[in-house]
Amino acid sequence: MLHSIVSRWVAVFSRWCCVSPQATRRHRGSGVGVCVVGCMLVWHGIGWAQQRALAPGDLRVRWHTAQVSAEVPRIQGQLTIFTAASLTEAFKEMGANIEQANPGTRVIFNFAGSPTLRTQLAQGARADVFASADEPNMQGAQKEGTIASEPRLFVRNQLVAIVPAANPAQVMRLHDLAKPGVKLVLTNKEVPVGNYARQALAKMSQDAAFGSEFATRVLANLVSEETNVRQVVAKVQLGEAHAGIVYASDVTPAVRGAVQVLAIPDPFNVIAHYPIAVVHDAPNAAGARAFIDYVLSPAGQAILTKHGLLAVEPPPHAN
């Protein structure tokens, strides 16, 4: 369109220049005016076209679409992923990226505690990928014959203690978890985070600052054992419990304003290692392998760390 406008004005100006000298002198003023107006219109058209082409919103959308398409694998059909609840936000973002880059593809997630997912697979549930929050449940799934590929470690996580924002029990430090009357909630010990939490308490009990009976006194305050970590978060967030031990990644932006976080120092913390594998007789085995590669790629690792998890390998120490 812009090219045709410019061509039309060039033709008009050329015809005006070719008239007789008398006509040129007679119409010079009006001709110059017409030329100026035409140039202004053309310039305005160019400016409008540039403004339209470089609109920030359009550029952001186009850049995001191109970026997603470049990073996300080609996956077709339906992909079903059984995954630990602590991966909810990170995996949902990856699933959305896959669906955006592959029109018509559908990614379905089953978020639950790792033992629950393992049991579902053993009972015949159909899935393409299994992502566990610990290695023992993945090893158990292998022994049960529900895993087809060699598991690969893809991310790590660490523990934190949380209390409600109002903190009615005044749990100000880890030592306060042992105070009489504190209502503590954990997952059961078969769930990885519940097992890790008990390991962390046992480590604290070996430190003189906590005392040898610390873990026993804390667990005496246990009022509920949940089947997945997000249930622990919900009870603390709603004020139904005074404290809980969860993964750092569970303190999401949606939760952050409703809880306070007590860090668990490295000497007492337990680092969770998450393995992932293709499920036996996966309906979409090719898609499963592509998803696992995506999770382990720099783009996938960036999404995981963005949501509070730790990269699969710690970065090398600077010299």
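Over which residues does pLDDT stay under 50, and how many contacts beyond four places in sequence does the model have for them? One such stretch is residues 1–7, with 5 such contacts, where pLDDT is the predictor's confidence in each residue, from 0 to 100, and a contact means heavy atoms within 4.5 Å. Another is residues 12–69, where pLDDT also stays under 50 and the model has 25 contacts beyond four places in sequence. Where pLDDT is low, the predicted coordinates should not be read in detail. For the chain, the mean pLDDT is 84, and 76% of the residues reach 70 or more.

This is a predicted model, in which local features need pLDDT of at least 70 and side-chain atom pairs count only at pLDDT 80 or more, while totals for chains, interfaces and linings use all residues. Residues are numbered from 1 along each chain as its sequence is written, and side-chain values use heavy atoms, with hydrogens and water left out.

Let me turn to helix α6, residues 135–143, helices being DSSP runs of H or I with at least four residues, and strands runs of E with at least two, numbered from the N terminus. Its buried residues are Asn137, Met138, Gly140 and Ala141, buried meaning under 20% relative accessible area and exposed over 50%, with a 1.4 Å probe and protein chains only. Seen down the axis of α6, these residues fall within an arc of 155°, taken from the directions from the helix axis to the C-beta atoms, so they line one face of the helix. They pack against α5 (114–122), β3 (129–131), α7 (192–205) and β10 (272–278), whereas the face turned away from the buried side carries the exposed Pro136 and Lys143. Just after α6, Gly145 takes a positive phi of about 80°.
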